[in-house]
Amino acid sequence: MNLSNLFRTKLIRRISLVLLGAGLQFVNSAPAQDPAPPAAPAAASAAASPKTTLADFAWLAGKWRGELNGRQSETIWMPPNGRVMMGMFRLTEAEKTLVIELFTVIETAAGIEFRFRHFSPQLETWEKESPLLLNLAGFDGKQFAFENPSGNLPKRTFITRIGDDSYRVRSELIRDNGQMDIIEFPLQRVK
């Protein structure tokens, strides 16, 4: 593998850690000590989390698409069943699959958990130990705010409902050097 392909592969893997269903757009880079506030309302307190149930996520069920800079994304969310919503995601560019993601949103006694794992087209996993975990930190009726209890890639992720047929995902990644990258991407329902 030449240096250019190696760099591209590492970059795609790094960025893919925060994929939740669409193409990517880096919005902002800033020191982690001074993060930009979310575009949507600030997350509610952690106390709001236990009141939120999978029924609050049911509107996500279905197929969604996004496009950014020539990359196509497809996401499928299954309806809640047995205290779990599950889904899958595929990102492609020029007829080549870049990443596959499997994810679950689970209703537990402690609150809502969002877990996901990334794979190559050959189903080789990128997370060597356990899936990435984000805990629901708040929900204000329009926006779900998730926080990573043990890592920074992503540290926080927000899923904001724009309407019946669109939503936006915003993720905040804090690099080892303290730099914060903000990624936002829109999704549209496929009818």
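User: How many aromatic pairs does the structure hold?
Analyst: The model is a predicted one, in which local features need pLDDT of at least 70, side-chain atom pairs count only at pLDDT 80 or more, and totals for chains, interfaces and linings use all residues. Residues are numbered from 1 along each chain as its sequence is written, and side-chain values use heavy atoms, with hydrogens and water left out. Rings of Phe, Tyr and Trp (its six-membered ring) pair if their centres lie within 6.5 Å, and planes under 30 degrees apart count as stacked, over 60 as edge-to-face and the rest as tilted. By that rule the number of aromatic pairs is 10.

User: What are the centre distance and the angle between the planes for the aromatic pair of F57 and F144?
Analyst: F57 sits in the loop between β1 (26-31) and β2 (62-68), while F144 belongs to strand β8, 87 residues away, and the pair thus links distant parts of the chain; strands (E, at least two residues) and helices (H or I, at least four) are DSSP runs numbered from the N terminus. Both F57 and F144 are buried, a word that stands for under 20% relative accessible area, with exposed meaning over 50% and partly exposed in between (1.4 Å probe, protein chains only). The pair is stacked, at 3.9 Å centre to centre and 15° between the planes.

User: How far apart in sequence are the parts that the pair of W59 and Y167 ties together?
Analyst: W59 and Y167 form an edge-to-face aromatic pair, with 5.6 Å centre to centre and 85° between the planes. Both W59 and Y167 are buried. Because W59 lies in the loop between β1 and β2 and Y167 in strand β10, the parts tied together are separated in sequence by 108 residues.

User: Which residues touch the most other members of the largest nonpolar core?
Analyst: A nonpolar core is a set of buried Ala, Val, Leu, Ile, Met, Phe, Trp, Tyr and Cys residues joined through side-chain atoms within 4.5 Å, and the largest one here has 31 residues. Strands that each supply at least two residues of this core include β4 (84-93), β5 (96-108), β8 (143-147) and β10 (166-174). F57, W77 and F146 are also among the members of one aromatic cluster. The core residues with the most contacts to other members are F57, W77, F146 and Y167.

User: What is the accessible area of the nonpolar surface patch that includes M78?
Analyst: Nonpolar patches are made of residues with over 30% relative accessible area and no salt bridge, the side chains (Val, Leu, Ile, Met, Phe, Trp, Tyr) being joined within 5 Å, whereas like charges are joined within 9 Å. M78 lies in the loop between β3 (71-77) and β4, and M78 is partly exposed, with a relative accessible area of 41%. Accessible areas come from the Shrake-Rupley method with a 1.4 Å probe, and for residues only the protein chains shown count as cover. Together I76, M78, M86, M88 and L102 have an accessible area of about 440 Å².

User: What is the N to O distance in the salt bridge of E74 and R90?
Analyst: A salt bridge is a side-chain nitrogen of Lys or Arg within 4 Å of a carboxyl oxygen of Asp or Glu, and by this rule the count comes to 12. E74 in strand β3 and R90 in strand β4 are 16 residues apart, and R90 is partly exposed, with a relative accessible area of 38%. The N to O distance between the side chains of E74 and R90 is 2.5 Å.

User: What separates the C-alpha atoms of A137 and E113?
Analyst: A137 is placed in strand β7 and is buried, with a relative accessible area of 10%. A137 and E113 are 24 residues apart along the chain, and their C-alpha atoms are separated by 9.7 Å.
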